[in-house]
Every structure is written in structure tokens, then in C-alpha cells.
Amino acid sequence: MTRETDQIAQDYSAMGDSVDLITAVIAGNQMADESAEDRQDCVDRNVAHLEIMVAKDDWGSEDMTATNAAISAGNGYTAS
């Protein structure tokens, strides 16, 4: 199924939200009062979302640099 241009833009925006959340959790700027388990679960879920989305083959010229960096950082993250 091919996504329409507006859906691609919406998906790319949602990916940015996941990138921001992963980055903030790892930096300790978000969810700092939550348990390590909850922080890990949040990062893991958002990384999984990004991995699914970046694998789609109908992207245009969208820059995936921040997305790939967040996936790498998230996969290397262990909440403590």
C-alpha cells in the first residue's frame, strides 16, 4: 500500500516526536521520576516504531539522520 503525500508528512512528523522523546528520556529530561522499567519500555517502544517506519520504501527526500541516531542511541540505552 502506497502512502499519500500527506500521510508521509504525518508519519515523518510522528517520527520526529519519537526521536525527541527518546533523546529526552536518555538525557534524563523526561520521565525522570518514572521507574527504570517504564523509561526503558518507553524508549524500546519508540525505537521499534522508528525501525518500522524507517524501513518503509516510499520515503522521498526526508532526512533520516536524526531517526537513525535515535534508533542507535535507543538500542544502546539501558535505564538505571
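The paragraphs below go from the whole chain to its helix H1 and then to two buried residues of that helix, Asp11 and Ser18.

The model is a predicted one, in which local features need pLDDT of at least 70 and side-chain atom pairs count only at pLDDT 80 or more, while totals for chains, interfaces and linings use all residues. Residues are numbered from 1 along each chain as its sequence is written, and side-chain values use heavy atoms, with hydrogens and water left out.

The chain holds three helices and zero strands, and its pattern along the sequence reads α-α-α; here helices (H or I, at least four residues) and strands (E, at least two) are DSSP runs, numbered from the N terminus. The C-alpha trace spans about 40 × 20 × 20 Å along its principal axes. Of the 80 residues, 31% are buried, where buried stands for under 20% relative accessible area, exposed for over 50% and partly exposed for what lies in between (1.4 Å probe, protein chains only). Among contacts (heavy atoms within 4.5 Å) between residues at least 6 apart in sequence, 70% join residues at least 24 apart.

Helix H1 covers residues 5-27, and its 23 residues reach 33 Å from the first C-alpha to the last, close to the 33 Å expected at 1.5 Å a residue, the expected span being 1.5 Å times one less than the number of residues. Its buried residues are Ile8, Asp11, Met15, Ser18, Val19, Ile22, Ala24 and Val25, and they pack against helix H2 (36-54) and helix H3 (65-75). After H1 comes Gly28, with a positive phi near 85 degrees.

Two polar members of that buried set can be followed individually. Asp11, placed in helix H1, counts as buried because its relative accessibility is 13%. Its side chain is joined to that of Arg3 by a polar contact of 2.7 Å, a term for a pair of N or O atoms within 3.5 Å, of which, within protein, one must be able to donate a hydrogen and the other to accept it, residues adjacent in sequence counting only if both atoms are side-chain atoms. Not counting residues up to four places away in sequence, Asp11 touches Arg3, Met53 and Trp59.

Ser18 also lies in helix H1 and is buried, because its relative accessible area is 7%. The side chains of Ser18 and His49 make a polar contact at 3.2 Å, and, leaving aside neighbours within four places in sequence, Ser18 is in contact with Asn46, His49 and Leu50.
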